[in-house]
Structures are given as C-alpha cells and as structure tokens.
4 protein chains.
Amino acid sequence: MTATFGEKIKMTIFGESHGLAIGCVIDGLPPGTAIDLEAVKAEMQRRAPGKSKLATARQEKDAFIIQSGFFEGRTTGTPMCVLIPNGDQHSGDYSKLQNVMRPGHADYSGKIKYKGFNDYRGGGHFSGRLTAPLVFVGAVAKQMLAQRGIYVGAHIASIAEVQDKIFNPLGESKETLAELAQKGFPVLDDAAGVEMQQQILAAKQSCDSVGGVIECMAINVPAGVGEPFFDSLESRLAHALFSVPAVKGIEFGKGFALAQLSGSEANDQLYFDVGEVKAYTNNNGGITGGITNGMPVCFKAVLKPTPSIAKVQKTVDLAKCENTELVITGRHDPCVVQRAVPVIEAVAAWVILDMLLVGER
Amino acid sequence: MTATFGEKIKMTIFGESHGLAIGCVIDGLPPGTAIDLEAVKAEMQRRAPGKSKLATARQEKDAFIIQSGFFEGRTTGTPMCVLIPNGDQHSGDYSKLQNVMRPGHADYSGKIKYKGFNDYRGGGHFSGRLTAPLVFVGAVAKQMLAQRGIYVGAHIASIAEVQDKIFNPLGESKETLAELAQKGFPVLDDAAGVEMQQQILAAKQSCDSVGGVIECMAINVPAGVGEPFFDSLESRLAHALFSVPAVKGIEFGKGFALAQLSGSEANDQLYFDVGEVKAYTNNNGGITGGITNGMPVCFKAVLKPTPSIAKVQKTVDLAKCENTELVITGRHDPCVVQRAVPVIEAVAAWVILDMLLVGER
Amino acid sequence: MTATFGEKIKMTIFGESHGLAIGCVIDGLPPGTAIDLEAVKAEMQRRAPGKSKLATARQEKDAFIIQSGFFEGRTTGTPMCVLIPNGDQHSGDYSKLQNVMRPGHADYSGKIKYKGFNDYRGGGHFSGRLTAPLVFVGAVAKQMLAQRGIYVGAHIASIAEVQDKIFNPLGESKETLAELAQKGFPVLDDAAGVEMQQQILAAKQSCDSVGGVIECMAINVPAGVGEPFFDSLESRLAHALFSVPAVKGIEFGKGFALAQLSGSEANDQLYFDVGEVKAYTNNNGGITGGITNGMPVCFKAVLKPTPSIAKVQKTVDLAKCENTELVITGRHDPCVVQRAVPVIEAVAAWVILDMLLVGER
Amino acid sequence: MTATFGEKIKMTIFGESHGLAIGCVIDGLPPGTAIDLEAVKAEMQRRAPGKSKLATARQEKDAFIIQSGFFEGRTTGTPMCVLIPNGDQHSGDYSKLQNVMRPGHADYSGKIKYKGFNDYRGGGHFSGRLTAPLVFVGAVAKQMLAQRGIYVGAHIASIAEVQDKIFNPLGESKETLAELAQKGFPVLDDAAGVEMQQQILAAKQSCDSVGGVIECMAINVPAGVGEPFFDSLESRLAHALFSVPAVKGIEFGKGFALAQLSGSEANDQLYFDVGEVKAYTNNNGGITGGITNGMPVCFKAVLKPTPSIAKVQKTVDLAKCENTELVITGRHDPCVVQRAVPVIEAVAAWVILDMLLVGER
C-alpha cells in the first residue's frame with residue numbers, strides 16, 4: 001500500500017502481471033460525464049505491447065471491461081471499476097526467478113518488503129503492465145480537460161545519446177500535441193526518431209537495452225492550480241510520476257539547467273498580452289511557488305533502460321544463499337520509452353485535472 | 001491547502017513571513033521519545049539567516065517554543081505544536097509589491113489562487129522562512145533515525161558552474177556526513193567551496209543571484225522501505241522535496257544520466273557480502289521498484305537562483321493593469337543553496353523515518 | 001466519493017445492484033496471510049438473500065472471484081481486488097422508478113447528488129447488496145483477529161417491540177459468539193427469536209416491514225486501541241457503521257441510558273484481577289477517552305424498517321413534477337436486521353483490526 | 001494521532017489542559033472570508049467555564065490569538081493557526097493522579113496507549129478544554145453557513161430524567177435557534193430548564209454528577225450533501241461528534257425509536273410544496289442514503305455524566321500495583337451538558353460546511 005492516489009479523482013490500482021486481471025477503481029468522476037470509449041481504447045493501444053519489433057512480443061489487447069459507475073454511456077458519479085483481464089502469459093518463463101534476483105528490478109526490494117509472498121511472476125505488481133490502468137484514467141482525464149480547452153502531449157526527448165528537438169516552452173499548438181499522439185514513435189524531429197529506433201534495435205541485437213527522456217506539456221492550464229504548502233502541482237505531479245516504473249528523475253521547466261543560470265536569466269519576466277499576464281520565457285515550466293502561472297506546464301522525466309536484458313549478469317540466489325549468474329530470457333522491451341509516452345501524458349492529465357478540481361469551488 | 005503531509009509522522013505547517021509566527025503541528029511522534037533540544041537548535045541555526053555575507057542580513061533567531069505534546073523532556077504521543085515567532089520584519093519594504101509581481105516568485109500565481117487575499121509581505125506563506133519548521137521536524141527525525149543507525153547528510157554538489165566532488169554512491173561514513181553538517185558551507189572539496197562562495201559574492205555584487213544542486217544521502221536504510229503502487233519512496237521524497245521553495249528537479253541515483261546508459265551499464269548487479277545482499281554499483285540510488293534495496297538512498301535536487309534580485313526586471317502592475325519595471329530592494333540571499341542544505345536533509349530524514357514507520361508492523 | 005475507508009486495511013468499494021459486478025479492493029493486508037476461503041464463503045452465506053421466507057426471494061450466491069493480491073493461498077501484500085458478479089436481476093421491476101421516488105430510500109437524495117445520472121435500478125450503489133464486500137473484508141479481519149485471540153459477535157437485540165436478552169457487558173465467551181454465528185436467526189433467547197420472526201412475517205403479510213437493534217461485542221481487544229483526537233475507536237466504528245444502509249443510530253456501552261445515570265453509577269470502577277486491570281462494570285462499552293480499556297468493546301446499532309413496502313405511499317414524480325402514489329412491487333426483505341448481523345460484525349471486525357494495526361509499532 | 005479531520009476545511013488540533021497553550025490549525029478556509037471575531041468570541045464564551053455555579057470554577061477566558069492565515073480582517077486562504085493560551089491551572093491538584101486511575105476517564109486507556117508518557121495533568125490531551133478549538137472552527141463555519149442561509153442550533157433535550165420539548169422535526173425557525181444560543185441554559189421549555197438545573201445542583205451537593213442528551217438541528221441544508229459509500233453525512237458527523245469527550249451515542253432523526261416503527265410509519269412520504277420536494281415527516285433526520293434530502297438535518301447525542309466526582313471510588317494504583325480508593329478533589333463540572341451545547345453545534349456546523357464544500361464543483 002498505498003494503492004490509492006488523487007483527491008477529487010481518486011484512483012485505486014490493483015493487479016499482478018500474471019494474475020487474473022489488473023485494473024483500477026476510479027472514484028470521483030463527476031456524474032453525467034460522457035466518455036468516448038473508442039478514444040480511450042485508442043489511448044490504451046498507444047501503450048499496448050506487441051505492435052512492433054521495438055517492443056515485447058507479448059500480445060495483450062489491454063481490453064477493459066467497466067464493472068460499475070457507468071450507465072447509459074455516462075458516469076454515474078459512483079466508483080468506476082475497470083477490469084483489464086490478463087492473457088498470453090508465459091508464467092513458465094518466470095519459475096526460476098523466484099529466488100534469483102534480476103538486477104535493476106524490484107525483485108529483491110519487493111521480496112524483502114513482502115517477505116517473499118509477493119507474486120514474482122512477470123514482476124507481479126511491479127510489472128510495467130500496471131501502467132495500463134494509468135492510461136485508462138488519463139484517457140478519461142484528457143477528455144475532461146479537452147472540454148476545458150486544456151491539452152496534454154508528450155514526445156521522446158532523447159533515447160540514449162540521440163536528442164529530439166524540445167517543445168517551445170511558450171507553448172505548442174494542440175494540433176502538434178495531437179499529431180504526436182498519432183505517431184507510433186512520437187518525436188518532433190522524425191529524422192532523430194529514425195536514429196533513436198536504430199539505437200533501440202542495436203541495443204536489442206546486442207542483448208541490451210536503452211533508456212531515454214520524455215518531455216511533456218500541458219497547454220491552457222489556467223493560473224492558480226496547485227495547493228501549497230505540501231500539495232504544490234510539482235509535488236503532486238512528481239508523486240504520481242515516480243510511481244511509473246523506470247522513472248528516476250523529474251524536472252520542471254529548465255530543471256537541472258537552472259543551477260547554471262543567474263537569477264536574471266532564470267526569472268520569467270512578465271508582461272500584459274491583450275489584458276492577459278504572460279511571461280517572456282518559461283524557465284519555471286508554468287509553475288511558480290508550486291502553483292500554475294498560466295504559462296504551459298512543462299516537465300521532463302527520465303526513464304532508465306529496461307532492466308530485463310539477455311546478457312549475463314551477476315546476482316544472488318536467495319534460496320541457495322549464494323552468488324550466481326543470470327541471463328534473462330523471455331519477451332522483453334529493449335526500450336520502454338516510446339510505450340511510456342502515453343503513460344506519462346496520462347499521469348500528467350490525471351493529476352492536472354485532479355488539482356484543477358481541488359482548486360475549484 | 002494541503003498543509004499536512006506524512007503518514008505516521010504527520011506535519012501540519014502554517015505561517016507567513018510577516019505574521020505573528022510560523023510553525024507546525026507534528027502528530028504521531030511515538031510517546032516517550034527523548035528529544036535533544038540543543039541538537040534541534042543547532043540544526044535550526046544551520047538554516048537561519050544573518051550569519052554571513054553570503055545570505056540575507058535579516059536577523060532571525062528561529063527560536064522555537066513548544067506549545068504541546070512535550071512533557072518532562074519527552075514526547076507525550078499527542079500532537080506537538082511548535083511556534084517560531086517572527087521578528088526583525090521590514091514590512092515597509094514590501095508595501096509597493098502588493099500589485100507589482102516579482103518575476104520568478106509566487107506573487108502572481110499566488111495572487112490568482114488566493115484571489116488577492118494572501119499576505120503578500122515578504123512572500124507570505126511562500127517565504128523561504130517556512131522551511132524553518134521543516135528543519136525542526138527533520139532534526140527530530142534525525143535523532144530518531146540515529147537510534148536505528150541511520151544517518152542523513154548532504155552537500156552542495158554545484159553552484160552555478162562550480163562542481164563539488166560527488167558522494168560515493170556505495171556509501172559515505174557517518175563521520176563524513178557529520179563533518180558536513182558542521183561546515184558553514186558544506187562541500188566535500190573545500191577548494192571548490194571557496195570558488196562557489198566567490199561565485200555567490202560575484203552574483204551579489206552584480207545585483208544578481210545563483211542557484212545550484214544539492215546531493216543528499218541516507219546510509220543504513222534497511223531494504224523494504226516504500227509503499228507501492230503510489231507511495232514509492234521516490235514518490236514520497238519527491239512530493240515533500242518539491243514543497244521546498246526553489247526546488248525544480250529531483251533525480252535518484254544517476255538520475256537523468258541513466259538515459260545515456262545501456263541496461264547492462266545501468267543495472268546494479270548483486271552479490272552476497274558476508275551474508276548480506278549488496279550491489280556492485282548504486283545507479284538506482286538505493287531504490288528499485290520504489291522500495292529501498294539496502295544500498296544508500298541517494299538523490300539530487302536542483303534549486304533555482306534566488307528570484308529576488310536588485311536588477312531592473314520587466315513585470316506587470318495588476319492594480320494599474322499595465323507593464324512596469326521593478327528593482328527589488330531589501331535584504332535578500334544572493335544564493336539559497338547553502339541554507340537549503342539542512343532543509344533538504346531535514347525533509348529526507350522526515351520522509352524516510354515516516355515511510356520506515358509505515359512499513360513496520 | 002469517498003469509496004475508500006481504513007488506514008492500514010484500506011477498502012475501496014464499488015458497484016451497483018444491477019451492474020456487471022460489485023466488489024472491493026483491499027489494500028494493506030499483511031503479506032503471507034493465509035485466508036480460509038471456505039470460512040469467508042460461510043460468512044458471505046450468512047448475509048446472502050434467498051434463504052428463507054423472512055428475506056427477499058432474490059437468489060444471489062454472492063460468489064466472489066479474487067482478481068489479485070492472493071497467490072498460492074496467501075495474501076501477497078499488494079492490493080486484493082474481489083469481484084462479486086451480479087445475477088438474477090429483474091431490472092424491469094425498476095424501470096418505472098426512475099422518476100418516482102421511493103420514500104425512505106436514497107432515490108431523491110441520490111438523484112439530486114448525482115444530478116440524475118446514477119444507476120437507479122435496484123437502488124444502484126445504495127443497494128443493501130453493497131454490504132456483501134463489507135462481509136468479505138470482515139471475514140478476513142475476523143480470521144486475523146482470531147489469531148490474536150480477539151473475537152467479534154453480534155445478535156439481534158430487538159425486532160419491533162420484541163427484545164432479546166442483552167450481552168453480559170463484562171464479556172461473553174468466544175463459544176457463545178461462535179454459536180450465534182451458526183444460527184440462521186441469531187438471538188441469545190430463542191423464544192424471543194421465534195416471536196421476532198412472527199413479527200417479521202406479520203409485517204410481510206400486511207405489506208409492511210419492521211426494524212430492529214443489533215448488539216455487537218468484541219472480546220479480548222487489548223487496552224490502547226484508538227487514536228485521539230479525531231480517530232477515537234468510537235469515531236472510527238461509527239464512521240464505518242453509518243455507511244451500512246439503514247443504520248440510524250449507534251451507542252457504546254449503556255449509550256443513551258447513560259443520560260439517566262449519575263456519575264457514580266456510570267463510572268466503571270477499577271480493580272486488579274490477578275495483575276490485570278479490570279472494571280466492575282462496563283457502562284462505557286470498553287472505550288474511555290476514545291481508546292479501548294481492555295474491557296469488551298460493546299455497542300448497539302439501530303436499523304430502520306426496510307423502506308421498500310408494498311403499501312400505497314405518497315410521493316413525487318420528478319419527471320411530471322407532480323404528486324403521485326406508489327406501491328413498491330418486486331422481491332423485498334420485510335426485515336433486514338437478521339441479514340445485517342454479519343454485516344455489523346464484519347464492519348466492527350475490520351475497524352478494530354485496522355485501528356489495532358494503526359496503533360502497533 | 002490522528003489530530004486532523006475535515007476534507008475541505010481541515011482542522012488539526014493540539015494541546016493539553018496544563019501545557020502552554022491549546023489550539024488548532026485550520027486549513028482550507030476560502031481566501032477573502034471576512035470573520036466577525038466578536039461573534040467568534042461570543043461563541044467561545046458560551047462554552048467557557050467559570051460563569052455559573054453549575055460549572056467548574058476554573059476561570060478561563062478562552063482568549064484566542066490568531067497566528068497566521070488572517071490578514072486585514074479576512075482569511076488569506078493559507079493555514080490559520082489559532083492559539084488559546086492556558087491559565088489558572090492548579091497542576092498541584094493532579095500530582096497524585098499520575099498513577100491512580102480516575103474511573104470513567106481516559107486515564108488508564110491513555111496511559112496504556114501512550115506508554116505512561118502522556119501529560120496526565122488535568123486529563124492532558126483528553127481534557128474537555130480541547131473542545132475550545134472546536135468551538136472556534138464551528139463559529140467560523142456558522143458564519144460561512146449563515147451566508148448560505150443555513151443555521152445550526154441545539155438545546156438540552158434532557159438532563160438525568162428531566163426532558164425538554166423536542167425540536168419540530170419539520171424545522172425550527174432561525175430565530176428560535178438564535179434565541180437558544182443566547183440562553184445561558186439552552187432549553188425550549190424554560191420550566192424544564194429550571195428543573196434540570198436543580199438536578200445538576202443536587203448532583204453537585206451529593207458530590208455526584210449527571211449527564212444528558214443534546215438535540216441539534218441544521219436548517220436549510222440543501223439536498224445532495226454527503227459522499228457515499230463511506231463518507232455519508234451521518235458517518236462524517238458521527239466521526240467528529242464521537243471525538244467530543246463524553247459523547248457515547250448518536251442517533252439521526254427518530255434514531256433508536258425507529259426500531260419500533262413499521263416501514264409505513266417510518267418512511268417519510270414526499271410531496272411537492274410549491275415546486276420543492278418536501279416530506280410530510282422527518283423520521284430520517286434529513287438524511288437518506290447518507291445524503292441530505294432537503295429536510296432539516298436533525299440528530300441527538302448523549303453525554304455521559306462527568307466522571308470527575310468527589311465520591312469515594314474504587315480504582316487501581318498502577319505504581320503500587322494495588323487496589324485503592326479515590327476521592328477526586330479540585331474544581332469540576334457536575335454536568336457538562338450545558339457547556340457542550342455550543343460544542344455539538346460547532347462540530348455539526350463544521351462538518352456540514354465541510355461536506356457542502358466537498359460536494360460542490
């Protein structure tokens with residue numbers, strides 16, 4: 001625990017990779033909200049595996065079955081349980097991993113925490129598969145945000161050493177964000193994208209993996225969203241984003257590069273633009289004092305390289321209490337960054353919507 | 001809101017820079033905990049201003065008065081209210097800032113959120129002064145952690161372009177961490193420290209400011225701390241750390257640099273060290289799957305340059321609805337990084353203790 | 001919302017009477033807890049309808065399917081989702097009730113709250129059927145409490161004017177509590193039970209219904225459970241118990257009768273009983289200052305008569321905006337008290353276990 | 001813990017009877033709320049002791065000092081800390097009570113919970129004095145409710161055997177509620193009030209104490225307030241009310257008497273009254289399905305007789321591990337019911353406002 005996050009749109013997540021089903025209960029969706037289920041399915045498909053040679057061959061439709069809280073095409077206002085049945089599991093692949101800890105995974109930390117009783121198959125509750133319910137809630141949040149004119153999008157900022165262009169911190173158009181969501185491999189600079197995919201395939205061929213950085217932006221978020229002292233929008237976003245497997249760092253606006261700027265360079269100076277307060281720059285990523293300032297909300301998240309690699313690795317066998325070596329077989333992603341793009345967007349959309357609703361009265 | 005954070009050690013924070021007092025209520029301290037108040041005062045002094053030409057001349061003793069929950073030298077187990085009276089305020093300095101928004105500050109975002117009713121003097125609730133109660137709770141947490149053999153320390157990893165050495169990711173000694181806490185300007189490499197201070201003074205002389213990065217480490221944290229799915233230790237630490245004014249990025253272990261490593265480089269391979277599971281490297285900063293793995297917990301936080309600078313800046317006057325220019329006078333820190341070191345440590349100590357207690361049963 | 005309750009054993013509930021399924025997610029069950037599923041099924045059967053002429057003829061097996069968090073017969077420590085599929089629904093019975101509000105039900109208050117979008121069929125989310133997941137969590141809690149020697153039981157204290165004997169406030173044996181759980185109609189005095197059943201059948205024949213009072217006791221709860229100021233055990237129990245449909249009052253120990261006692265009569269005087277502190281009386285129901293004192297925890301809950309009756313009632317038609325009359329047809333319980341006994345026990349067991357775990361460290 | 005309650009108007013309470021101060025932090029008051037501090041003081045005076053021979057002679061002005069969150073006569077929207085310094089303490093009275101447990105008090109349960117470290121003087125954190133901050137938050141809530149046309153009032157329904165008239169369940173006027181608030185001894189039937197006071201004085205003379213019942217009503221609460229499943233308005237009210245020392249039972253509407261009604265008697269039948277839905281009766285106390293239905297919210301709370309009595313009582317001495325006898329000296333209330341009336345009102349006002357704000361979006 002805790003499996004629940006969110007203040008007005010509370011999500012309780014559950015499930016293991018090789019159990020009957022994963023899913024979530026979403027509590028707090030305003031009654032009468034029409035949900036375009038086809039659009040939700042499309043978002044789920046962006047994350048789903050088995051679509052290209054860049055990702056795991058595990059075939060999962062990520063089909064969801066709404067159990068409650070949805071009646072005649074609209075939310076009822078009561079809790080919505082969404083079930084995503086598991087399938088195409090090769091549990092046999094994992095039997096030998098019960099006591100041999102995969103480096104970089106939660107195998108050891110999880111085994112200690114859960115005293116050896118956790119479902120270790122396929123990473124169990126730590127599986128990247130648990131991001132599917134996040135995409136569901138994010139897809140619903142995106143629809144609700146769009147009705148307020150707010151749009152969230154993301155792209156791969158880098159894979160290994162290859163960099164994409166970055167977002168214009170003063171704001172991208174909703175069309176640009178929508179185009180990215182259509183792309184199988186979402187980058188601003190498609191040439192860079194080709195190079196990135198080559199890196200991923202190269203890693204795959206050498207039985208290795210690569211990581212990367214995702215940049216995410218939300219446009220038209222009104223000023224005033226965020227709840228100091230402890231529920232700044234940065235705090236809430238970071239809290240939820242660090243729940244996404246593989247995320248190891250978050251920075252807002254210019255982030256770590258701010259350390260090398262002077263105050264006069266870093267400060268976003270202000271002006272009136274036809275009656276509206278705007279900033280000449282957006283080094284703060286649209287958030288000052290933990291509260292949105294009307295500029296686009298912009299952050300980056302780093303995802304470490306997939307820990308499941310087919311190279312020989314040193315590790316421990318906890319049953320035998322001895323050192324051993326491990327080669328991870330099975331079907332794994334040589335890179336999760338491209339599949340994580342809709343996940344990062346989803347989490348951002350959910351948290352922004354949640355804090356927007358918290359602030360409204 | 002929300003002014004409260006923590007699960008087992010809940011802290012509710014309050015106060016404005018120029019009000020009667022700031023402070024906090026700490027709920028959940030185990031009954032019978034002896035607190036060394038002199039050690040707490042020493043921690044408060046590390047953060048307190050007015051001690052050198054590197055920081056604001058505002059003189060504040062940060063003296064605290066415990067109102068409740070403390071009886072005959074020990075915690076009672078009931079809520080502890082700590083009051084830190086304000087003093088040496090030059091409220092007159094701020095009168096003109098009611099409608100002229102300081103760039104880089106929460107002035108504008110806060111004014112929108114609080115509909116113009118927030119106490120704008122000295123940044124009000126957004127003042128860096130609110131970090132004093134954080135240091136209090138952290139000082140208590142450090143004492144409780146030390147009894148379990150756990151120690152938390154931090155140093156300035158960089159100011160502007162100047163870099164300190166970094167912590168050995170496999171662990172520093174508690175003596176090294178203690179020595180850092182004794183230093184007025186906590187760095188591992190004192191030569192780099194001298195250079196950093198020159199940068200700060202240079203910024204001060206040019207009416208500007210600088211930012212930097214703080215590296216923090218907790219040693220001897222047992223494996224198993226952290227509460228997936230949504231309360232990973234990374235999530236909890238990031239949530240609390242992003243509440244600290246000026247923090248704009250957090251990364252665990254190698255953080256953003258992980259994007260450029262392959263899986264085989266990034267994975268921390270494991271071995272038995274006299275019956276204990278250890279890793280050859282600690283690129284994950286002691287946390288895998290959101291749960292500690294027994295290696296030192298290690299993260300970096302970036303703090304942006306102080307937004308209060310005495311240079312001319314473009315901004316808006318919300319009363320007159322027009323563009324204007326602003327030169328911030330008054331007593332300000334040309335750099336807050338050195339004063340933030342005990343704050344980052346405090347937040348880390350508090351959150352680690354809190355999650356440790358959550359996981360125990 | 002909020003669909004979630006509990007601190008260490010958090011339950012998130014979902015579902016509507018005529019949807020696909022109802023159920024819950026239980027977060028925080030300690031890893032490695034063996035659960036006797038047959039005993040859980042037996043508890044579910046105590047609540048299930050369709051077993052006698054005293055209750056609704058709706059046939060529901062209340063069969064549950066555990067989706068997650070349970071592996072090789074034990075809890076994993078990760079969230080357990082329990083699905084209870086719906087079946088034997090006569091949705092047609094309810095179509096005319098979309099706009100004609102049933103008196104005594106949540107129809108009108110719910111319609112206002114959910115702006116007309118709630119699933120009105122069979123009471124939707126307000127259905128007594130939602131108590132099935134409560135019984136599930138309670139059945140698990142009872143098993144965990146029994147391992148600590150703590151037992152929870154309840155009986156029907158009254159139906160209409162007919163009174164059962166009351167529990168000995170100084171404690172019943174676990175055998176007595178177990179016997180009650182075996183009874184189809186749980187009373188201490190079976191003659192009174194026969195009379196009660198006659199009252200229920202008489203009400204049924206006159207197209208009416210009856211209510212009653214349930215008395216519940218937990219024995220061997222150690223002293224020290226409860227979290228003042230706001231999370232007294234009384235507060236937590238009452239909070240959860242008032243979520244049970246039809247409950248309209250809760251009293252601890254002598255409850256409302258305390259108003260007519262003097263302090264010298266009401267106070268539970270203390271003595272040492274072979275080294276253990278005990279009270280001569282238990283007018284406080286085992287709780288003083290919101291914290292257990294080692295005496296049996298004892299409370300009563302009143303359940304109003306079933307509002308679904310086949311008599312003509314005056315009400316409103318919200319579609320036509322006019323007054324109307326209503327005769328509720330369909331299969332309904334003339335009395336829910338006997339089926340509510342395991343529900344009240346379940347809620348008590350869950351809350352006591354939860355607060356016990358909260359207090360442990 | 002937990003010292004915090006409330007969703008939108010969160011209150012964190014602290015303090016012990018004989019410490020420096022008691023008080024609270026109120027988080028979530030909407031920015032710009034003007035507070036009539038004189039009206040707040042008047043409410044505090046209703047609860048304050050030392051005013052008549054019916055209550056303790058301890059003189060406490062219950063003067064409060066707002067430390068934060070209040071600027072130029074209005075709330076800022078940031079946390080408001082309210083300090084109520086203690087005074088006129090006779091701590092010497094309590095020294096001998098460290099190990100001799102007062103029957104009916106939290107002495108024993110608290111000592112176990114807090115492992116002997118709690119401040120035992122004057123009941124410490126369990127003192128009735130802790131209700132002063134509740135009255136503060138309630139006084140603010142009442143002002144905010146009044147701006148929405150909602151009024152909360154209460155009266156003494158009974159003391160010992162003496163009964164007052166009861167409220168008209170279909171609603172009292174705001175004038176009646178205001179008049180009650182003006183009375184030193186708030187009853188509807190002043191003749192009954194005189195008799196009640198005689199009972200109290202008689203109890204005082206015989207070194208004993210009496211309890212009673214308080215009836216509370218909130219008028220003009222709109223339909224739709226309450227958050228099923230677990231945050232029904234009944235659940236929230238009961239949760240907070242059971243935090244008030246001495247409260248041992250809560251019932252809504254006809255409460256326990258509903259057990260003796262048939263469904264056709266208990267159901268509140270509905271009709272249109274000039275376009276508005278009303279009920280002919282209000283046996284449900286304005287709440288059905290946990291949600292307000294537009295009828296007055298009405299409940300009763302029983303308060304046990306003051307446990308501090310000057311009669312010889314049997315108890316235990318935990319230091320000597322032996323049975324002993326105790327005569328409680330010092331200044332105590334022979335009855336707390338009349339002083340609890342503004343407390344019950346305050347808690348009701350706070351919770352109703354809180355849930356009203358939760359439901360708004």
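These are my notebook entries on a predicted model, covering one chain, its copies and their contacts.

**Ground rules**

I number residues from 1 along each chain as its sequence is written, and I letter chains from A and number ligands from 1 in the order in which they are written. As the model is predicted, local features need pLDDT of at least 70, side-chain atom pairs count only at pLDDT 80 or more, and totals for chains, interfaces and linings use all residues; side-chain values use heavy atoms, with hydrogens and water left out.

**Chain A as a whole**

I looked up the secondary structure of chain A and found 8 helices and 18 strands. Helices (H or I, at least four residues) and strands (E, at least two) are DSSP runs numbered from the N terminus. The radius of gyration of chain A is 21 Å, close to the 21 Å that the globule rule gives for 361 residues, so chain A is as compact as a globular protein of that length. That radius is taken over C-alpha atoms, and the rule is 2.2 Å times the number of residues to the power 0.38. I read the span of the C-alpha trace along its principal axes as about 70 × 50 × 35 Å.

Of the 361 residues of chain A, 67% are buried. The classes are buried under 20% relative accessible area, exposed over 50%, and partly exposed in between (1.4 Å probe, protein chains only). I also checked contacts (heavy atoms within 4.5 Å). In chain A, 72% of those with a separation of 6 or more join residues 24 or more positions apart.

**The cores**

I took a nonpolar core as a set of buried Ala, Val, Leu, Ile, Met, Phe, Trp, Tyr and Cys residues joined through side-chain atoms within 4.5 Å. The largest has 166 residues, and Leu134, Phe136 and Ile159 of chains A and B touch the most other members. A second, separate core of 164 residues includes Ala132(C), Ile214(C), Ile13(D) and Val347(D). Going back to Ile159(A), I listed its contacts beyond four places in sequence; among them are Phe185(A), Met196(A), Val210(A), Cys335(A) and Val337(A).

**One loop residue**

I looked at Ala34(A), in the loop between strand 3 (21–27) and helix 1 (37–47) of chain A. Ala34(A) is partly exposed, with a relative accessible area of 41%. Beyond four places in sequence, Ala34(A) is in contact with Gly73(A), Arg74(A) and Gln143(A). Val140(A) is 106 residues from Ala34(A) in sequence but 9.5 Å from it in space, C-alpha to C-alpha.

**Chains D and C**

I superposed copies by least squares on the C-alpha atoms of residues with pLDDT of at least 70 in both. The contact involves 99 residues of chain D and 100 residues of chain C. The buried area is about 7900 Å², with 61% from carbon and sulfur atoms. Buried area is the accessible area (1.4 Å probe) that two parts lose on being put together, summed over both. Phe229(D), Phe230(D) and Lys248(D) supply 12% of what chain D buries against chain C, more than any other three residues.

**Chains C and A**

Chain C superposes on chain A by a rotation of 180° with 0.0 Å of shift, RMSD 0.0 Å. In chain C, Thr12(C) has the C-alpha nearest the axis, 3.7 Å from it.
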